[in-house]
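Hi everyone, thanks for coming.

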Amino acid sequence: MARKAPFPERDGWYTHYVSYGETDAMAVVYHAEYLHLFERARSAFMRETGISYRVAEERGVMLPVREANCRYRTPIRYDERIHVRCGIAKWGRASVEFVYEIWNDDKTVLHATGMTGHACVNLEGKPVAIPDWLRELFQ
């Protein structure tokens, strides 16, 4: 079994209360909602570094998701307060990989882990190198 890499040192946290609409018939968070939680955490992480995704787009850079993965460990239920940790695991020339952990309120139970891989493209959707200004914000 491969050894799990440590979580990136530069990270951010997003706190969320689970709404009723995010749960399924079994009263747990619906599996697809985890990707929404990852997106919210990623957006918060970007804001914490000093730039919103909208500003990045205004500067001509878009980061569409090209891959997503989630490992579900422990169910999350309605009205639970959770914390989503986000960091950057890997940079490519024209790509970036974010990683996530979802924890319960006191951070003693790991509910899920995941990743999203993003291409870096211009406003026409053509791949471009990650701009230095973006890379520097996260390092």
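So, the largest nonpolar core here has 28 residues, and those with the most contacts inside it are Ile-76, Phe-98 and Ile-102. By nonpolar core I mean a set of buried Ala, Val, Leu, Ile, Met, Phe, Trp, Tyr and Cys residues joined through side-chain atoms within 4.5 Å. Buried means under 20% relative accessible area, exposed over 50%, and partly exposed in between, using a 1.4 Å probe and protein chains only.

Which elements give two or more residues to this core? They are helix H1 (33-49), strand S3 (81-91), strand S4 (95-103) and helix H3 (132-138). H1 gives the most, with seven residues. Helices (H or I, at least four residues) and strands (E, at least two) are DSSP runs, numbered from the N terminus.

A quick word on ground rules. This is a predicted model, where local features need pLDDT of at least 70 and side-chain atom pairs count only at pLDDT 80 or more, while totals for chains, interfaces and linings use all residues. Residues are numbered from 1 along each chain as its sequence is written, and side-chain values use heavy atoms, with hydrogens and water left out.

Back to Ile-102. Leaving out residues up to four places away in sequence, Ile-102 touches a list that includes Tyr-34, Leu-37 and Phe-38, where touching means heavy atoms within 4.5 Å.

Now H1 itself. At 1.5 Å a residue, its 17 residues should span 24 Å, and the end C-alpha atoms are 25 Å apart, which agrees; the expected span is 1.5 Å times one less than the number of residues. Just after H1, Gly-50 takes a positive phi of about 115 degrees.

Next, the sheet. Five strands form an open sheet in the order S1-S3-S4-S5-S2, with antiparallel pairing. Two strands pair if DSSP finds at least two bridges between them. The edge strands are S1 (11-17) and S2 (65-72), each pairing on one side only. Inside the sheet, S3 and S4 run antiparallel and are joined by eight bridges.

Last stop: Glu-101, which is found in S4. Is Glu-101 buried or exposed? Its relative accessible area is 6%, so Glu-101 is buried. Glu-101 is also the bridge partner of Arg-85. And a polar contact of 3.0 Å joins the side chains of Glu-101 and Trp-103; that term means a pair of N or O atoms within 3.5 Å, where, within protein, one must be able to donate a hydrogen and the other to accept it, and residues adjacent in sequence count only if both atoms are side-chain atoms.
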